[in-house]
Amino acid sequence: MEVENPSWYKSRGYVHFDRPISVDRAVKIVTNPLKVARRAFFPFLHFELTTYRVKWNKESKTLVKNPKKRTVSYASHIDSHIYSYYSSLLSLAYENALKARGLSANVLAFRKLNESNIGFAKMAFESIKRRGECTAIGLDIEGFFDNLDHKILKSSWNSVLGGKNLPADHYAIFKSITSYAKVSRDAIYKEFGISKNNPRTQPAEICSGIEFRQKVRTLIERNDKGFGIPQGSPISATLSNLYLIEFDELMKNFVDSIGGDYFRYCDDILLITSTRHQDAALRFAERMIMESKLRIQQKKTEKREFKFQNHKDRGKILRSTKPLQYLGFLFDGEQIFLRSASLARFSDRLRRGAKLAIATMNKRNRHRKTLGLDVRPLFRKKLRERYTHFGRRNFLTYGYKAADLLESRAMVIPPFLMRARSRG
């Protein structure tokens with residue numbers, strides 16, 4: 001079987017236990033079920049990624065950063081091609097399963113849909129507007145990838161493929177992604193003297209086969225807990241959707257029976273029901289999540305009631321007890337806003353980016369002075385591209401796009417930048 005310009009093939013520049021391979025060689029490996037079934041998968045390299053949730057503290061009038069840590073794992077070059085190829089195969093089977101179960105409009109993440117989170121948010125908010133008085137319930141699954149039960153995953157995998165037992169090649173991938181081996185990237189870099197800041201200057205592969213057996217094997221950790229898959233592999237997102245296909249079907253059927261709407265974006269669940277059915281919908285969702293051997297992150301659960309209120313100038317208007325937060329937006333029944341946390345993060349990035357640019361300019365100009373050269377002004381091009389409407393893809397252009405698609409005049413964008421946009 002030959003694949004021409006395959007969408008699953010991606011050349012990766014990182015250093016791992018094997019070398020990058022050509023598309024021709026990758027095709028010969030991934031399209032041969034026997035080779036995949038006999039494959040001895042390399043350990044994942046893993047590292048801890050820290051992101052910061054930035055919020056504006058009204059009392060102190062300062063930006064407050066709260067760190068969030070998660071473990072990211074990445075596979076070897078050949079293994080990544082195998083995972084990518086089988087992810088594409090599973091995605092096709094999964095799409096057919098969604099269509100057969102009437103779930104195509106309910107599962108939103110990790111699919112090739114001609115929509116972004118802006119469109120998905122609009123779909124949910126339009127559902128609320130159309131219903132009028134109703135209740136929206138937002139639920140968040142805790143530690144999603146880390147808690148996927150292996151027996152449920154295998155059962156769902158079989159179900160999507162339409163068989164009782166996984167084919168040998170699929171089973172090999174199932175074993176590699178559930179009972180996966182991993183090694184700390186930092187420990188490996190230290191062991192083999194690889195620069196953490198510039199690993200691409202090192203050899204194409206981390207070590208020889210002999211060195212792997214002598215030094216790496218003692219550092220390997222294996223997942224033997226019966227749950228959890230590595231976050232970061234090319235197949236993980238597809239498997240997370242596949243895992244919940246039975247849950248999605250049960251949730252949709254129940255919510256349909258009470259005249260509501262059900263949406264799931266990865267681990268973010270939204271139920272829109274009549275107010276009298278809100279408690280029943282919440283209890284059912286909690287029970288189904290428990291039966292899926294997952295947990296709800298209770299502190300993130302939102303319940304927002306939308307009711308009509310009399311406005312002295314505009315008559316009846318729809319208002320919520322508190323704005324609903326969904327996919328990066330806030331909705332109060334009438335107007336849509338960007339989350340204040342998103343604005344705070346952008347403000348923080350802008351401040352740090354400008355500070356770094358000024359520091360870089362000063363450092364270079366000090367050096368130029370020692371050489372008897374004239375100082376140079378601040379390079380503004382990159383700053384404009386990253387932090388103003390002149391850039392093609394940044395937070396501001398995203399905000400403008402969202403304001404247009406959501407038809408929101410209340411979208412919160414700094415006034416001076418709005419004026420700049422109108423002049424631009």
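Two strands count as paired if DSSP finds at least two bridges between them. In this predicted model, strand E3 (residues 134-140) and strand E7 (residues 268-273) are joined by six bridges and run antiparallel. That pair belongs to an open sheet of five strands, and a separate entry below describes an open sheet of three strands.

**Five-stranded sheet**

- The strand order is E6-E7-E3-E8-E9, and the pairing is antiparallel.
- Strand E6 (261-265) and strand E9 (315-320) stand at the edges; each has a single partner strand, so one side of each is left without a neighbour in the sheet.
- From one strand to the next, the twist averages 15 degrees.
- Cys-134 has Phe-306 in E8 as its bridge partner.
- Six bridges connect E8 and E9, again in the antiparallel sense, and a hairpin of three residues joins E8 to E9.

**Three-stranded sheet**

- Strands in the order E10-E11-E12 form this open sheet, with antiparallel pairing.
- Its edges are strand E10 (324-326) and strand E12 (336-338), each with a single partner strand, so one side of each is left without a neighbour in the sheet.
- Neighbouring strands here are turned by 30 degrees against each other on average, direction ignored.
- Strand E11 (residues 329-331) is joined to E12 by three bridges, and the two run antiparallel.
- Phe-329 stands opposite Leu-338 in E12.

**Helix H4 and the sheets**

- Helix H4 (residues 117-131) lies across E10, E11 and E12 and runs at about 10 degrees to E11.
- H4 also lies across E3, E6, E7, strand E8 (302-311) and E9, where its direction is at about 160 degrees to E6.

**Contact of H3 with H5**

- The axes of H3 and helix H5 (residues 150-161) come within 8 Å and cross at roughly 80 degrees.
- Angles of 65 to 115 degrees count as roughly perpendicular, which makes H3 roughly perpendicular to H5.
- On the H3 side the contact involves Leu-90, Ala-93, Tyr-94, Ala-97 and Arg-101, and these meet Trp-157, Ser-159, Val-160 and Leu-161 in H5.
- By class, the residues of this contact divide into seven nonpolar, one polar and one charged.

**Second largest pocket**

- The volume of the second largest pocket is about 470 Å³.
- It is lined by 17 residues, and the closest to its centre are Ser-87, Ser-88, Ser-91, Lys-112 and Thr-238.
- Helix H3 (77-101) and helix H9 (236-243) each supply at least two residues of the lining.
- H3 gives the most to this lining, with eight residues.
- The lining comprises six nonpolar, seven polar and four charged residues.

Definitions and conventions. Residues are numbered from 1 along each chain as its sequence is written. This is a predicted model: local features need pLDDT of at least 70, side-chain atom pairs count only at pLDDT 80 or more; totals for chains, interfaces and linings use all residues. Side-chain values use heavy atoms; hydrogens and water are left out. Helices (H or I, at least four residues) and strands (E, at least two) are DSSP runs, numbered from the N terminus. Axes are lines fitted to C-alpha atoms, for helices over the stretch in contact, and angles run from 0 to 180 degrees between N-to-C directions. Contact means heavy atoms within 4.5 Å. On a 1 Å grid over the protein atoms alone, a cavity is a set of points where a 1.4 Å probe fits but cannot get out, and a pocket is an open set with protein on both sides within 12 Å along at least five of seven lines; lining residues have an atom within 4 Å of a point. Grid points are joined across faces, edges and corners, and a volume is the space filled by probe spheres set on the points. Ala, Val, Leu, Ile, Met, Phe, Trp, Tyr, Cys and Pro count as nonpolar, Asp, Glu, Lys and Arg as charged, and the others, Gly among them, as polar. Angles under 35 degrees count as roughly parallel, over 145 as roughly antiparallel, 65 to 115 as roughly perpendicular and the rest as oblique.
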